[in-house]
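Let's work through some exercises together, one step at a time. Keep the sequence and the 3D view open while you read.

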Amino acid sequence: RMVAGSAADGRVVLTGEVGPTDLRDVYAAAEVFVLASRWEGLPMSLLEALAAGVPALVTPEVDRLVPVGAGGAGWVSTPDGLGGALQHLATVPDLEWSTRAAAARELARNYDWDAVAAAHEQAYDAVLRRWRAGGGRVHRAVPR
């Protein structure tokens with residue numbers, strides 16, 4: 001209903017469920033990925049779209065988990081403002097799309113498994129260094 005009659009009419013395709021073999025083609029054809037959610041865990045579909053260089057339009061609840069707005073990888077809108085946001089996207093210049101696509105790829109790199117594993121490894125190394133510096137004793141953060 002929000003798309004019908006708007007500037008985005010004819011440019012938006014609601015696909016429903018797409019199998020994993022077709023996802024690459026879907027992301028390659030997409031101009032924007034929209035995730036309008038009031039409650040969200042870690043949105044893997046959003047991360048996949050960003051990794052494919054597809055800028056995103058997300059709600060604030062999603063943006064708190066994956067900072068699309070601050071990362072320049074897309075736009076943030078309240079659920080009630082999505083229609084207006086979609087109309088605005090129809091007027092965005094090509095240079096801004098390409099800038100946001102590059103930012104989308106960069107933001108997604110923060111969530112790839114190599115980056116996550118490296119962050120965990122650094123955390124474990126820091127704990128191990130503190131443990132060794134303390135003579136191998138365990139330091140409790142909360143007294144008993």
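**Exercise 1. In which helix is Leu65 found?** Then describe its surroundings.

Before starting, note that this is a predicted model, where local features need pLDDT of at least 70 and side-chain atom pairs count only at pLDDT 80 or more, while totals for chains, interfaces and linings use all residues. Residues are numbered from 1 along each chain as its sequence is written, and side-chain values use heavy atoms, leaving out hydrogens and water.

Solution. 
- Step 1: Leu65 belongs to helix α3, residues 60-65. Helices (H or I, at least four residues) and strands (E, at least two) are DSSP runs, numbered from the N terminus.
- Step 2: Leu65 is partly exposed, because its relative accessibility is 35%. Buried means under 20% relative accessible area, exposed means over 50%, and partly exposed lies in between, with a 1.4 Å probe and protein chains only.
- Step 3: Contact means heavy atoms within 4.5 Å. Not counting residues up to four places away in sequence, Leu65 touches Glu40, Gly41, Pro43 and Tyr111.
- Step 4: Compare Leu65 with Val32: they are 33 residues apart in sequence, and their C-alpha atoms are 18 Å apart in space.

**Exercise 2. How many salt bridges does a search of the whole structure find?** Locate each one.

Solution. 
- Step 1: Start from the rule: a salt bridge is a side-chain nitrogen of Lys or Arg within 4 Å of a carboxyl oxygen of Asp or Glu. The search finds two.
- Step 2: One joins the side chains of Glu96 and Arg100, at 2.8 Å from N to O. Both residues sit in helix α5 (residues 94-109), four residues apart, about one turn of the helix.
- Step 3: Check how accessible these partners are. Glu96 is partly exposed at 25%, whereas Arg100 is buried at 18%.
- Step 4: Another links Glu106 with Arg109, whose closest N and O atoms are 2.7 Å apart. Glu106 is partly exposed at 46%, and Arg109 is partly exposed at 44%.
- Step 5: Now the general idea behind such spacing: an α-helix has 3.6 residues a turn, so residues three or four places apart point the same way.

**Exercise 3. Which strands stand at the edges of the sheet?** Work out the strand order too.

Solution. 
- Step 1: Three strands form an open sheet in the order β1-β2-β3, with parallel pairing. Two strands pair if DSSP finds at least two bridges between them.
- Step 2: The edge strands are β1 and β3 (74-76); each has a single partner strand, so one side of each is left without a neighbour in the sheet.
- Step 3: Look at β2 and β3, which pair in the parallel sense over three bridges. Leu57 has Trp75 in β3 as its bridge partner.

**Exercise 4. Which residues have the most contacts inside the largest nonpolar core?** Find the elements that build this core.

Solution. 
- Step 1: A nonpolar core is a set of buried Ala, Val, Leu, Ile, Met, Phe, Trp, Tyr and Cys residues joined through side-chain atoms within 4.5 Å.
- Step 2: The largest has 18 residues, and Phe33, Leu46, Leu50 and Val68 have the most contacts inside it. At least two residues of this core come from each of β1 (33-35), α2 (44-51), β2 (56-58) and α5.
- Step 3: A second, separate core has 10 residues, including Val3, Leu86, Val92 and Trp97.
- Step 4: Turn to Val68. Leaving aside neighbours within four places in sequence, its contacts include Leu46, Leu50, Trp75 and Leu107.

**Exercise 5. Against which elements do the buried residues of α5 pack?**

Solution. 
- Step 1: List buried residues of α5; among them are Trp97, Ala101, Ala104 and Leu107.
- Step 2: The buried residues of α5 pack against α2, β3 and α4 (82-89).
- Step 3: Visit Ala85, which is in helix α4. Ala85 is buried at 14%. Leaving aside neighbours within four places in sequence, Ala85 is in contact with Leu57 and Ser77.
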